[in-house]
Amino acid sequence: MSRHRSLLATVLAVALVAAACGGDDAGDDTTTTTVASTTTTTGPSSTTTTVPASTTTTTPPASTTTTTLPGEPLDFGPASGDVLGVVAVSFDDVLNLRAGPGTDFEVLKKMPAREDRVIANGRAQALPNSIWYEVTYSGVTGWASSTYLAYLGGTNDITSQIVDDLGEIPQATTMEALGRLVADTFEPVERPLRVEMSGEPSVGDLGEVIYDVVGFPDDALRGLRLHVFGQPSEDGSVFSLMSVEAVSLCGRGVTDDGLCV
């Protein structure tokens, strides 16, 4: 009997030592629950039953970051893969390709005036005072203002139309001035036209300059790109209009024949 009491005392002592060794790690993100071992003594012979400790682990959910663009998405605009050109940007300026729709976003790349390899991605975003297209240029994808993007249509000779509107063959002392005379033959209808010299004046056997005129009331034909050629006088002091080639700047698309749709 004394032997049984001695054995029971020993078992209780071991259990008290085990209970004194518990702890937790405050820096861990998991929760652990442990069920202590249970010892049972029956009759003259002792029986020990051990229940394995169970562990419950809770893992916090992964965080998700969502970027919200300003403005509202539009269900119209250039389709994915459409090719656009930079319009109404001065020859000594650039069109910024930005990280998001709006001038508050970082500039990723600069697109030169008259660039004609801008690829639409099929997304458009409307801000309170502007519309932006998601495009890719030279391997970089970003957002650019739709004000300065258009489909490039076909080219037509409009020299006779310009001469008829002016009543004579126009002359000027510089190609810049001659080109402006041609551009100003287009009068605003509903709003002021935007006129930009997108091609720098040059003089060789002929003088030439390029002007973009945009803001036409027709949303199919947004404007024209005017390639103006002038004949210099013998002393180079005066340029007379020789020809005007007009490229259609289309707002909604262009047919295989170069017509705005």
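This report looks at model confidence, the disulfide and the surroundings of one proline.

What you have here is a predicted model, where local features need pLDDT of at least 70, side-chain atom pairs count only at pLDDT 80 or more, and totals for chains, interfaces and linings use all residues. Residues are numbered from 1 along each chain as its sequence is written, and side-chain values use heavy atoms, with hydrogens and water left out.

The chain's mean pLDDT (the predictor's confidence in each residue, from 0 to 100) is 83, and 75% of the residues reach 70 or more. Residues 1-58 have pLDDT below 50, and beyond near neighbours in sequence this stretch makes 32 contacts in the model (contact means heavy atoms within 4.5 Å).

## The disulfide

There's 1 disulfide in the structure, counted as a pair of cysteine sulfur atoms within 2.5 Å. Cys-250 pairs with Cys-260, the sulfurs sitting 1.9 Å apart. Cys-250 lies in strand E15 (residues 239-250) and Cys-260 in the segment after E15, 10 residues apart; strands (E, at least two residues) are DSSP runs numbered from the N terminus. The link is left-handed, with -70° about the S-S bond.

Cys-250 is buried at 0% relative accessible area, while Cys-260 is partly exposed at 24%. Buried means under 20%, exposed over 50%, and partly exposed in between (1.4 Å probe, protein chains only).

## Around Pro-78

Pro-78 sits in the loop between strand E3 (72-74) and strand E4 (83-86), and is buried, at 10% relative accessible area.

Leaving out residues up to four places away in sequence, Pro-78 touches Leu-84, Ala-120, Gly-122, Tyr-133 and Tyr-151. Pro-78 and Ala-120 are 42 residues apart in sequence, yet 6.1 Å apart in space, C-alpha to C-alpha.

Note on methods
Helix = DSSP H or I, 4+ residues; strand = E, 2+ residues; numbered from the N terminus.
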